[in-house]
Amino acid sequence: MSSGLETTFGILTRTRNEAAVDALLPALDAKNPEVQERALAAILARRAPAGQKEILRRIPSLSRRWKKIITKDPSGLSNVLRDGIAGADENLCANACRAAVIFRSADLIPTLLAALENPSLTKANMAAETLLQLAAEFENKIAHLPQEEHRYELLWLRKRIIASLEASVLRFGKHRRREALEAFLLIAPSDNLTLRRILNDPHDPGFLIVIEIMSKSLQAGVMNLLLGFLNDHEPPIAAVGAIANRTDVKFIVRFMQAIGDDPTPHMRQTLHRMESIAWLKNPELILPQLDEAGQQNAAKLIEYSSVPRSVGFATVKYLLLHGKNAGRREAAVALEAFIGADANALALKGLADPDPQVQANVINQLRRRKMPGVLPRLVDFLDSPHAAVRRAARRNLDEFSFRRFLGAFEMLDEEVRQTTGELVKKVDPYAAEELRAELEANSHARQVRALQITRYLNLAESVQDLLLLAVKDEDHVVRSEAVADLAFCKSPSAKAALLEALEDRSSVVQDAAKRSLEFYEATAEWRERDEGKTAAADEEKNEKRRKELLKSEDEL
């Protein structure tokens, strides 16, 4: 734009002469778009009623560029929009309502409330529809409130809007417009005193409508408000009931998100107050639509709530058999609260789950279920390829620790020593380490007992270095027990020590050495035979594979 036109529009914007508006209005229809936009900016800046009214008249046909210009400072239209909503002209009211939505003018909510209560039905309906759109938009803006210079202004505006909504809500018995209640629920926080008074008074004119809106509205603001009561110290019973009675997936997804990884004490207390949760009566309709975290928190809901056991068990069963990984894991944890044949049967199915953590969570409750054959199953899980399963099995076999075996060893008979020793080796990962500590003790009595335990734990090869020292001990009992253990070591140094022990000054040690050498030679022969069989089997398998490959090559 030329400097002359820019100077002209500058003068028309700043001059106090109201005739400037008459000059600017025709420029809105100029052929040059830049002239139009400059004239629009000047009219907005002057805030003259005639200019604002002309823009309001053109609202339905505003171009994208004009909307962008007005959006930069919509306050330039505030007065005419208020007049349009409050005035008698329904066309201007419709344009004002449309403009309020376009420019997100939440400051017009008090004016819309006044129009909503107006006896003129058409106008009231327009105001009501606009009110809900602005309230939803404003709530979304507050929910994502940025840390910026306008934060204080937004919070101040929110306070003013809530005050206007409260006044309208208190007049609900007169105007009966549910939109005022819904807009109030969209913006008000859960600790609002007016809201809590309504929820705690079933005789309040707005009580039933508020509960209906809370129970059915899909507006994010209403759902956020309702879920806000979960962390309340003393949530209104009506609000807790509305949460429990909703069956729509959109809300349930948010409900599960609100529970989170670690519910607060207040939330757990609120969930415990729920004796009936509508959607849990048909869990197979909702649970498949939840993601992993949602299913996991659905299982937590069973743990924390007070729903009937039959309802809770049906949900846990569905999750454990058909849920996603996280859902099955938490369902396995929740299963611990259920007893009886059905729960035991479900636990056994959980042991076959492909997820190791599900198996581990079920293993943790097997002993308490007192089912027959539990101990052998736990022992089998000690050989699982999954660390989580092995850890769970060890935790539930903690009585088979080295320390307990050591303390009870002398009171056990031979057969029990044998079976228990095998378990201790599998269960206690520190058995070898603690055995070495006993073998290195200064007490001969402790050394003798440790040398005897070594055989039952089958750990001779792990402590062979200490056994080779023990065969030179001054105490012949220590030497004889060490010689007995060396029979289970297959190294040349072990055999050499046994041969040397044949010349020991003690006949007890000599006899022990003879028996150990006989056992050593016999097991060596068996080992060589087994190794030969294994090698032959491997060679046969390789030969068969070679023939198959040759056959394949011939066919090709």
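In helix α24, the residues Pro-356, Gln-357, Gln-359, Ala-360 and Ile-363 meet Ala-388, Val-389, Ala-392 and Ala-393 of helix α27, where contact means heavy atoms within 4.5 Å and helices are DSSP runs (H or I, at least four residues) numbered from the N terminus. Sorted by class, this contact of α24 with α27 has seven nonpolar, two polar and no charged residues; Ala, Val, Leu, Ile, Met, Phe, Trp, Tyr, Cys and Pro count as nonpolar, Asp, Glu, Lys and Arg as charged, and the others, Gly among them, as polar. The model is a predicted one, in which local features need pLDDT of at least 70 and side-chain atom pairs count only at pLDDT 80 or more, while totals for chains, interfaces and linings use all residues. Residues are numbered from 1 along each chain as its sequence is written, and side-chain values use heavy atoms, with hydrogens and water left out.

Two packed helices are described by the angle between their axes and the distance between the axes. Helix α24 (residues 356-363) and helix α27 (residues 387-395) pack at about 5 degrees with axes 8 Å apart, the axes being lines fitted to C-alpha atoms over the stretch in contact and the angles running from 0 to 180 degrees between N-to-C directions. The two helices α24 and α27 are therefore roughly parallel to each other, a term for angles under 35 degrees, whereas angles over 145 count as roughly antiparallel.

Helix α20 (residues 292-304) and helix α21 (residues 309-322) have axes that come within 10 Å and cross at roughly 155 degrees, which makes α20 roughly antiparallel to α21. Gln-295, Ala-298, Ala-299 and Ile-302 in α20 meet Gly-312, Thr-315, Val-316 and Leu-319 in α21, and by class this contact has five nonpolar, three polar and no charged residues.

Rolling a probe the size of a water molecule over the atoms shows where empty space is left. The lining of the largest pocket draws at least two residues from each of α5 (64-72), α9 (121-143) and α10 (151-170), and α9 gives the largest share, four residues. The residues of that lining divide into eight nonpolar, five polar and eight charged.

Helix α10 also holds Ser-164. Leaving aside neighbours within four places in sequence, Ser-164 is in contact with Pro-110 and Leu-113. By contrast, the C-alpha atoms of Ser-164 and Leu-457, which are 293 residues apart along the chain, are separated by 80 Å.

Conventions:
Angles under 35 degrees count as roughly parallel, over 145 as roughly antiparallel, 65 to 115 as roughly perpendicular and the rest as oblique.
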